[in-house]
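Here is a short briefing on how two chains meet. Take a look at the structure first, then read on.

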Amino acid sequence: MSLTILITVALGILSGIFIFPESLGDSMGFWISAGLALLLFFVGIDIGSNRGILGKIRRIGFKVFLVPLMVALGSILGTTLAGILMGMSAVESAAVGAGFGWYSLSAIELSKHSAYLGTLAFVTNISREIIALVSIPFIAKYIGKLEAIAPAGATAMDTVLPVISRSTNAHIAIISFITGVVLSSMVPVLVPLIMLFS
Amino acid sequence: MNILLYIAIMIFGAFLGNRRLIPKMLMKKIDTIQFLCLLLLLFIMGVSIGLDEEVIQSFGTIGIQGIIFALSSIVFSIIGVRLIASKVLPKGGEEQ
């Protein structure tokens, strides 16, 4: 599954560069949303046909929020350590990590500070999404199903959710959705907040 | 407000699935249909990345740095979730 995903994304990127005309760029947003809507419909069917799942989630209770919390801490710690090792400002690195894979928003927010930082946020977070898409089937199989949510970050509720749902089960798909919603709502607050310390 | 649309569509799907309103024939093939749709979406996402010259150029300049950042945050996120996994999924993650 991972290899198929990798090849498909790579083929898409290559045909975007070499085959399709640039004028197509304007309508891509619509097609991505349409494709996503269709997939999320299937994820919904999957969740709905597993009866009793909401009860299970309710039994987990507030502990479900530990997942987005740990993903948030891990993401920020990860870029901060990598940044320090590469001789970058710790605060700026932390702010890039707080994009949690939501590349458009974190890049816009950080390009207010410098074009370089905005671009870095963009590249980091778009790489995160692609690596998540490719690695999640492996992580679900060899590390753990709940851990498979971690790479996705904020995209655990939309673009990466279909891959998580397919690699795990409907139960994890709901936790993934909740995780994505919580992380996505943290990005617009956390990125500017961290930059206050720079 | 795409997010509201997504939530509405998922709830609609969940309702149909819960009430067994999807024909059995279709339910059997739903995995395959879903995977093909996923591949189509991933292809489109790839195309939109490839079409954006700015993106391609920025990958050339600070691509390695960004990939290291991405890998590092993914690894630490996985470790973070691993630490609490037994609290959230008591039966070691296998709950069907």
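How many residue pairs are in polar contact across the interface of chain B and chain A? The rule finds 11, counting pairs with both residues at pLDDT 80 or more. Keep in mind that this is a predicted model.

**What chain B brings to the interface**

- Three elements of chain B each give two or more residues to the side that touches chain A: α1 (2-18), α2 (24-51) and α3 (53-88).
- The largest share comes from α3(B), with 28 residues.
- Sorted by class, this side of chain B has 42 nonpolar residues, 18 polar ones and eight charged ones.

**Extent of the interface**

- On the chain B side, 68 residues are in contact with chain A.
- On the chain A side, 87 residues take part in that contact.
- The size of an interface is often given as the accessible area lost when the parts come together.
- Here the area buried between chain B and chain A is about 7,100 Å².
- Carbon and sulfur atoms give 78% of that area.
- Within chain B, the residues that lose the most area to chain A are M10(B), L51(B) and F69(B).
- Together, M10(B), L51(B) and F69(B) account for 11% of what the chain B side buries.

**The salt bridge between the chains**

- Side chains of opposite charge can pair when their charged atoms come close.
- Between chain B and chain A, the count is one salt bridge.
- The partners are R82(B) and E147(A), whose closest N and O atoms are 3.6 Å apart.
- E147(A) sits in the loop between α7 (115-142) and α8 (161-167) of chain A, while R82(B) sits in helix α3 of chain B, so the pair joins two chains.
- Is E147(A) buried or exposed? E147(A) is buried, because its relative accessible area is 5%, and buried means under 20%.
- R82(B) is partly exposed, with a relative accessible area of 48%.

**The salt bridge within chain A**

- Over all chains, the structure holds two salt bridges.
- One of them links the side chains of K112(A) and E109(A), at 3.1 Å from N to O.
- K112(A) has a relative accessible area of 60%, so K112(A) counts as exposed, the cut-off being over 50%.

**To recap**

- Chain B meets chain A with 42 nonpolar residues on its side, and α3(B) gives the largest share of that side.

Conventions
Residues are numbered from 1 along each chain as its sequence is written. Chains are lettered from A and ligands numbered from 1 in the order in which they are written. This is a predicted model: local features need pLDDT of at least 70, side-chain atom pairs count only at pLDDT 80 or more; totals for chains, interfaces and linings use all residues. Side-chain values use heavy atoms; hydrogens and water are left out. Contact means heavy atoms within 4.5 Å. Buried area is the accessible area (1.4 Å probe) that two parts lose on being put together, summed over both. A salt bridge is a side-chain nitrogen of Lys or Arg within 4 Å of a carboxyl oxygen of Asp or Glu. A polar contact is a pair of N or O atoms within 3.5 Å; within protein, one must be able to donate a hydrogen and the other to accept it, and residues adjacent in sequence count only if both atoms are side-chain atoms. Helices (H or I, at least four residues) and strands (E, at least two) are DSSP runs, numbered from the N terminus. Ala, Val, Leu, Ile, Met, Phe, Trp, Tyr, Cys and Pro count as nonpolar, Asp, Glu, Lys and Arg as charged, and the others, Gly among them, as polar. Buried means under 20% relative accessible area, exposed over 50%, partly exposed in between (1.4 Å probe, protein chains only).
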